Amino acid sequence: MHVIFYDCWVGRESGAIPSPSARSPVTIRRRTFLKGTVGFTTAAMSAAQRRTGATGRESAVCDGKKVRVGVIGCGSVSTHYLSHLKIPHVELVSVCDRIFERAEKAGAEHEVPHQYAHIREMLAGAPFDLLVNLTDIQSHYELNKLGLEAGRHVWSEEPMAGTYEEGKHLLKLANARRLRIWAAPTVVLSPQFRFMAETISNGKLGAVASARGTYGHLGPDWAAFFYEEGAGSLADLAVYDLTALTGLLGPAREVIAATTIITPVREIKRDKKVVQVEAEDNAMVTMYHDGGALSHVQSGFNYHASFRHDYTGQGHHTIDIFGREGRIQLAGYSWAPHSVDLALRGKHELKRFADEPSDYVWENGASHMAKCLATEAELPLTAEHALHVVEILEAARESQRTGRRIKLKSRFNWPIFT
Ligand SMILES: NC(=O)c1ccc[n+]([C@@H]2O[C@H](COP(=O)([O-])OP(=O)(O)OC[C@H]3O[C@@H](n4cnc5c(N)ncnc54)[C@H](O)[C@@H]3O)[C@@H](O)[C@H]2O)c1
C-alpha cells in the first residue's frame, strides 16, 4: 500500500522552517509487523489505524507520541545527531560512551538525563525504545545485536555490520522480535536522489550503460578506528555512493575491486598518537548491475579537494550516469547534494534541476526512524538495502584479497521510486 507522507517536524525547535516547496511528499509503504513490539508502538498503531480509515490512505501527523531514545557513542558524529533529534517525536533518555566523560559532556550539552559508560548498564537502566548507535565502525554489529536482543529498535551508523553473515543475523533477530533496524546512510531520502531515480525509471536516459561515484578527502584525524581493519575508506566513505548507485541502478550482481594503502602512518590528533594504517585508504569498486550497466565507486583518504567539504557552493559532480539518450549528474556529495544536471538527446548543454532548498541533511536518519516508529509511517530507506551494501563492502575486500570477481546474493526492493 502506498501512502503520502509529509514531513511533520518542519517547525522543529533547532531548524529553520523550509519553504512549502521543500515539503515534498514521499511515497511510502505501510507494513504491519510493528504490532505488539513496545508500548508506544502499539498505541501509535491504533492511532494510525484510526487515521487510516476505510480508504487505507493516511497523512502521518504529529500526534504527540514520543519515542524514547538512547544514544551510544558520544564522539564527533553524535553532536550532529543529538541536535537533530530535538524533535517532537523524541524523548532523549540516555547517552553512553565507554569514555564516560564524553557521555557526561553530551548529557550536559543536550539535556539528556541519564549517562552510562557501558551498553549493558544503559540497557538495564532508564527504559528507552530506540538505540541509536554512533560508535566505531568495528563496534556496530555487537552493539546492534545487544540492542535487538534487549528488545530495542536500532538505528545504526554505517555499516550496520562487519560482514554479510552478521548483517543477515541482525535482520533475522529483528524480524523474529518484531523490531526494526535501519542504518545510515540516508542518501535515498534527498530530493536530488529522488529526481535522479525517477528520471532513470521513466526511461529518459534510455538504456543506462555506465555510472561513477567519487568521494574522498584527506582522512579523519580524530579516531584511529578509521585506519584499523574493518574500516577504511570503503566503510566510511564509499558506502554513500555504493548506496546511491545501487539505489539508482539496482542491486549489484557482481563486484570486482582494488584497494591500496597510500599513507601508511597517520597522526590521530584527539588521542595524541601516531598509528600504522591497517585498512585500505584508497579504493575502487566496480559493480555489475542487471541489464549490463556497469558502475564504479572510488573513495579514499588521500584526496586533495579544492572545494569545501560541505555542500555550500559546490558545482562539482560526484555522481555521473550515462545512458544512450542522456546523462545525469549530481552536484554536491550524495550525502549533501544541492542539485542535478541533466542533458537529454539532441541537447549537449546541461540543464539544472532539483536545486530548491530542502530540509534533507545526512544526520537525519535516527530522527526519521523515531518519527516512523511513532506514526507507523515508512520511508524509502530499507534494512535490506543497507545489508546489500554490507555485502558489497565485504565482496570488495575479498576481490582485492583474491584477485577474483565476487558474486553477490542479496537483493532489495527496487526501483525505490517508480
Ligand atoms: N564524524 C563524522 O563526521 C561522521 C559522519 C558520518 C558518519 N560517521 C560515522 O559515525 C560513526 C562514529 O564516527 P565518529 O567520527 O563520531 O567517531 P568518534 O571516535 O568521534 O566517536 C565514536 C565514539 O564511540 C565510542 N565507542 C566506541 N565503542 C564503544 C562501545 N563499545 N561502547 C560505548 N562507546 C563506544 C567512542 O569512545 C567514541 O567516543 C562511524 O561509523 C563513522 O563512520 C561519522
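V71 has its bridge partner V132 in strand 6. Strand 3 (residues 67–72) and strand 6 (residues 130–133) run parallel and are joined by four bridges. Strands here pair if DSSP finds at least two bridges between them. Strands (E, at least two residues) and helices (H or I, at least four) are DSSP runs, numbered from the N terminus.

This is a predicted model, in which local features need pLDDT of at least 70 and side-chain atom pairs count only at pLDDT 80 or more, while totals for chains, interfaces and linings use all residues. Residues are numbered from 1 along each chain as its sequence is written.

**Antiparallel pairs**

One residue pair is listed for each.

| Strands | Bridges | Facing residues |
|---|---|---|
| Strand 10 (residues 252–260) and strand 13 (residues 282–289) | eight | V255 and M287 |
| Strand 13 and strand 14 (residues 294–300) | seven | N282 and G300 |
| Strand 16 (residues 326–333) and strand 17 (residues 336–344) | eight | G332 and P337 |
| Strand 17 and strand 18 (residues 351–353) | three | V340 and F353 |

Hairpins link several of these strands. Two residues carry the chain from strand 16 to strand 17. The hairpin of strand 17 and strand 18 has six residues between the strands, and G346 in its turn has a positive phi of about 85°. Four residues lie between strand 13 and strand 14 in their hairpin, where G291 takes a positive phi near 85°.

**A helix pair**

The axes of helix 7 (residues 191–201) and helix 8 (residues 232–249) come within 9 Å and cross at roughly 30°. Axes are lines fitted to C-alpha atoms, for helices over the stretch in contact, and angles run from 0 to 180 degrees between N-to-C directions. Helix 7 and helix 8 are therefore roughly parallel to each other, a label for angles under 35 degrees. F193, M196, A197 and I200 of helix 7 make the contact with A244, G247 and L248 of helix 8. Residues are in contact if their C-beta atoms, placed from the backbone, lie within 7 Å. By class, this contact has six nonpolar, one polar and no charged residues. Ala, Val, Leu, Ile, Met, Phe, Trp, Tyr, Cys and Pro count as nonpolar, Asp, Glu, Lys and Arg as charged, and the others, Gly among them, as polar.

**The ligand shell**

The ligand is surrounded by 22 residues, and the closest are G73, G75, S76, V77 and A223. The shell divides into eleven nonpolar, five polar and six charged residues. Domain 1 (2–185 + 365–374) and domain 2 (187–361 + 383–407) each supply at least three of the shell residues. The domain bounds come from an automatic or database domain assignment.

**Backbone exceptions**

Most residues other than glycine have a negative phi, and most peptide bonds are trans. E111 has a positive phi, near 55°. E111 lies in the loop between helix 3 (100–110) and strand 5. A cis peptide bond joins E158 and P159, with omega about -15°. P159 sits in the loop between strand 7 (153–156) and helix 6 (164–176). The bond from W414 to P415 is also cis, with omega near 5°. P415 is in the segment after strand 19 (406–407).

Notes:
Near = placed C-beta within 6 Å. Parallel < 35°, antiparallel > 145°, perpendicular 65-115°, else oblique. Contact = placed C-beta atoms within 7 Å.
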